[in-house]
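Colleague: Please take me through how two chains in a model meet, and say what each term rests on.

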Amino acid sequence: MDISISVNGEPWVLSVEPNDVLLDVLRSRVGVKSPKIGCERGDCGTCTILLDGRTVRSCLVLAVEADRHEITTVEGIGRDGLTALQRSLWELNAFQCGFCAPGIVLAAAELLEENPHPSREEVQEAIGGNLCRCTGYEPIIEAVLAAAASWKEDR
Amino acid sequence: MTIAQEFEYRRPETLEEALEMLAAAEGDVRLLAGGTDLVPWLRDGMIAPDLVVDIKGVEGLGEIAEDGETVSFGALVTFDDVLRSRLVADRLPMVREMAGRVGSVGIRHRATVVGNICSAVPSCDAGPVLLVYGASVHVAGPDGSREVPIDDWFLGPKRTALGPGEIVTGVSLRVPAGRHGGAYVRLSRYAGEDLAQASVAVTAMEEDRYRVAFGAVAPTPVRAAHLEACLNGRPPTADRADRAADLVADTISPITDMRASKEYRLRMSRVMLKRGLAAAVARRDGGGPAYGTSLM
């Protein structure tokens with residue numbers, strides 16, 4: 001069936017099968033590569049996208065379910081240069097391999113959008129569904145907290 | 001890995017249309033709401049439906065509503081909706097406490113309370129909480145609507161009382177009369193991903209009446225009636241809590257799996273019961289740890 005979706009502000013009309021998964025369609029058909037293929041069962045968070053502004057696991061969404069909805073990925077939020085959050089993660093060298101980074105950027109951005117001055121526990125909760133196997137999370141949490149101060153003024 | 005099997009997908013806009021689709025369908029049909037269980041099951045080949053009916057477009061299933069002493073949750077209410085609801089925070093704070101334990105933020109944006117009890121995995125977080133609130137499951141079907149008491153809902157792992165052609169439209173919970181407190185205690189290896197290794201829901205009401213239910217330690221979530229009888233009508237002293245804890249082994253039947261051994265589950269269920277009971281009593285009496293505070 002045909003679906004109409006918006007990906008990072010661009011309209012797309014795609015013909016998909018009911019068993020096509022949104023993550024696969026985004027990567028192979030739309031060419032958006034920041035959502036990564038990880039566990040493919042909703043555990044690791046590396047396929048995180050924003051669906052109508054909310055983080056979801058794109059590995060758990062059928063492409064047909066996204067019909068008439070808006071999708072945003074890291075490619076979309078960094079269009080006008082790095083956000084304050086991304087800059088903070090970069091400057092504080094918060095990631096190592098970077099595989100989890102797109103998902104964590106979206107999860108943390110969603111948190112800061114709603115709660116510009118989160119506690120450490122709130123940051124941990126927000127990114128708790130995004131696995132990082134390199135860093136032990138500490139530098140990521142520090143960078144999100146550091147970004148929080150400048151978030152509203154600078155984004 | 002993509003989903004290998006093929007199926008038809010349809011998206012009704014009204015309940016009547018959805019019921020007609022189910023009635024006309026041949027072969028296995030699955031209802032889709034949040035998809036956080038259904039999509040992995042499709043991928044793993046654990047289910048092989050001929051038709052998937054996506055009910056997210058069905059009108060009127062997305063509300064959390066209050067009617068006297070009843071709070072109802074439509075079939076499309078997500079755990080995130082529960083966390084954001086002022087009504088739930090005010091009237092049923094333990095339901096909010098439970099919702100905050102489910103998966104992670106991104107899962108809670110999709111996963112629904114009703115989906116949780118329809119998937120009916122033994123570790124489902126909503127199960128024990130709905131049991132202690134004496135919930136009713138609202139079911140629409142070809143022959144009209146019916147209500148299923150939650151005590152009769154869970155038939156086994158992933159098996160429920162939902163019949164062919166039927167759709168759960170919502171669940172309603174009765175708010176206990178008078179002062180009451182509750183606690184949902186959940187054991188898991190880490191936040192943000194893990195299913196419960198064991199869970200217990202406790203409510204403490206006026207005149208020392210109690211309700212207790214366990215999750216992830218039996219084929220279904222289980223209400224602990226004889227354990228409640230041990231507690232009811234007596235002050236919740238440490239000795240009384242110990243006696244109730246001695247009944248845990250007769251109430252639950254945990255198994256060993258990759259997430260925990262049966263011995264660990266049994267031992268921890270005793271500990272969790274006592275902590276949950278103490279927190280529920282303290283919260284009923286106006287103190288205790290804030291709802292949402294981890295007791296583990």
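Modeller: Chain B and chain A bury about 2500 Å² between them, and 48% of that is on carbon and sulfur atoms. Buried area is the accessible area (1.4 Å probe) that two parts lose on being put together, summed over both. This is a predicted model, where local features need pLDDT of at least 70 and side-chain atom pairs pLDDT 80 or more, while totals for chains, interfaces and linings use all residues. Residues are numbered from 1 along each chain, chains are lettered from A in the order in which they are written, and side-chain values use heavy atoms, without hydrogens and water.

Colleague: How many residues take part in the contact?

Modeller: Chain B gives 33 residues and chain A gives 29 residues, where contact means heavy atoms within 4.5 Å.

Colleague: What makes A:E65 and B:K56 a salt bridge?

Modeller: The rule asks for a side-chain nitrogen of Lys or Arg within 4 Å of a carboxyl oxygen of Asp or Glu. For A:E65 and B:K56 the N to O distance is 2.4 Å, so the pair counts as a salt bridge. Across the interface of chain B and chain A the rule finds 8 salt bridges.

Colleague: Why is B:T14 called partly exposed?

Modeller: Buried means under 20% relative accessible area and exposed over 50%, with partly exposed in between (1.4 Å probe, protein chains only). B:T14 has 29% relative accessibility, and therefore counts as partly exposed.

Colleague: How far apart are B:T14 and B:G57 in sequence and in space?

Modeller: They are 43 residues apart in sequence and 7.6 Å apart in space, C-alpha to C-alpha.
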